[in-house]
Amino acid sequence: MLDKQSPIPIYIQIEEQLRARISAGEFEAGAAIPSERELTESFGVSRMTLRQAVTNLVNDGLLYREKGRGTFVASPKVEQPLNGLTSFTEDMKARGMVPSNQLIDFKEIDPEPDVAGELGLQSGEKVFSFKRIRYADDKPMAIERTFLPVKLFPGLTEEALKGSLYSIIEEQQLRISHASQRMEAALVKKEDAELLKIGMPSPVLCIERLSYLGNGSPFELVRSIYRADRYKFITDIKR
Ligand code: 16G
């Protein structure tokens with residue numbers, strides 16, 4: 001199975017074989033891979049070599065380890081196009097997943113100057129600020145901190161935010177038009193790791209979206225933290 005004469009290091013050969021077995025569906029998402037002992041025996045390699053291969057697959061997000069339990073096959077990442085202005089609810093439903101939210105911290109506040117500036121608010125104009133943990137099939141995917149100008153959504157309630165924000169907006173006959181986004185990588189903060197149910201340290205993708213209505217007014221500023229092990233972002237580009 002392994003080619004000891006090959007210039008390709010053994011741990012990479014093992015990594016490639018495990019990768020092929022995972023993508024061929026030999027192990028289902030959530031299923032344990034064979035134990036370290038079984039794998040070292042079947043490949044005829046040392047523990048160190050095997051661990052190097054497995055660690056690479058863990059770092060690539062194909063496998064995850066649980067302390068004291070073993071190593072498991074991760075669910076395939078959600079492939080999220082970055083070209084369309086869609087909502088979390090629409091994105092998850094389009095993939096046959098069931099979206100849900102946990103609303104954590106709903107309040108009406110005087111925004112910080114950076115938030116007021118991005119939303120083009122005058123001094124004294126308030127915002128609704130809330131945090132939502134967004135789930136797909138009951139698994140946490142992202143945390144969003146949203147700021148909405150109160151003057152655009154005067155009657156907004158906590159109850160309404162159990163569903164889709166974009167549906168609420170469109171039900172008010174407002175037209176969502178375009179947005180600009182910034183994305184950067186970070187290591188998750190401790191409090192967010194607990195909400196996202198990921199270990200420390202874990203990478204996350206932070207996106208800030210500023211979205212506009214058809215009349216050109218900014219209507220939301222959203223700072224999101226996405227699990228890097230659950231998302232792959234995709235864009236089509238032309239020359
Ligand atoms: C997405 C948007 C977020 C928007 C939300 C509405 C990004 C980075 N963020 O998560 O800006 O507020 O969808 O979702 O894509 P909802 O209609 O399901 O509440």
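**Helices H2 and H3**

I looked up how helices H2 and H3 are oriented in this predicted model, and I found them roughly perpendicular to each other. The computed angle between H2, which covers residues 36-43, and H3, which covers residues 47-59, is about 110 degrees. I noted that the axes of H2 and H3 lie 10 Å apart.

I then listed the residues that form this contact. H2 contributes Glu 36, Leu 39, Thr 40 and Phe 43, while Arg 47, Leu 50 and Arg 51 come from H3. Sorted by class, the contact of H2 with H3 holds three nonpolar, one polar and three charged residues.

**Asn 56**

I stayed with helix H3 in order to examine Asn 56, which is found there. With neighbours within four places in sequence left aside, I found Asn 56 in contact with Tyr 11 and Glu 15. Asn 56 and Glu 15 are 41 residues apart along the chain, yet I read a separation of 7.3 Å between their C-alpha atoms.

**The ligand**

I next turned to the surroundings of the ligand. There are 15 residues around the ligand, and I recorded Thr 89, Glu 144, Ser 164, Arg 209 and Glu 220 as those that come nearest.

A side-chain N or O atom of Thr 89 is 2.3 Å from an oxygen atom of the ligand. For Ser 164, I found 2.5 Å between a side-chain N or O atom and an oxygen atom of the ligand. At Leu 165 a backbone N or O atom is involved, and this atom lies 2.7 Å from a ligand oxygen. I also noted the area: the ligand taken alone exposes 460 Å², of which the protein buries 97%.

**Backbone details in two loops**

I looked up the peptide bond from Met 200 to Pro 201 and found it to be cis, with omega near -10 degrees. I located Pro 201 in the loop between helix H7 (190-196) and strand S9 (203-213).

My last entry concerns Asp 137. Its phi is near 50 degrees, a positive value in a residue other than glycine. I placed Asp 137 in the loop that runs between strand S6 (127-136) and strand S7 (139-149).

Methods: Residues are numbered from 1 along each chain as its sequence is written. This is a predicted model: local features need pLDDT of at least 70, side-chain atom pairs count only at pLDDT 80 or more; totals for chains, interfaces and linings use all residues. Side-chain values use heavy atoms; hydrogens and water are left out. Axes are lines fitted to C-alpha atoms, for helices over the stretch in contact, and angles run from 0 to 180 degrees between N-to-C directions. Helices (H or I, at least four residues) and strands (E, at least two) are DSSP runs, numbered from the N terminus. Angles under 35 degrees count as roughly parallel, over 145 as roughly antiparallel, 65 to 115 as roughly perpendicular and the rest as oblique. Contact means heavy atoms within 4.5 Å. Ala, Val, Leu, Ile, Met, Phe, Trp, Tyr, Cys and Pro count as nonpolar, Asp, Glu, Lys and Arg as charged, and the others, Gly among them, as polar. A residue is near a molecule or strand if one of its heavy atoms lies within 4 Å of it. A polar contact is a pair of N or O atoms within 3.5 Å; within protein, one must be able to donate a hydrogen and the other to accept it, and residues adjacent in sequence count only if both atoms are side-chain atoms. Accessible areas come from the Shrake-Rupley method with a 1.4 Å probe; for residues, only the protein chains shown count as cover.
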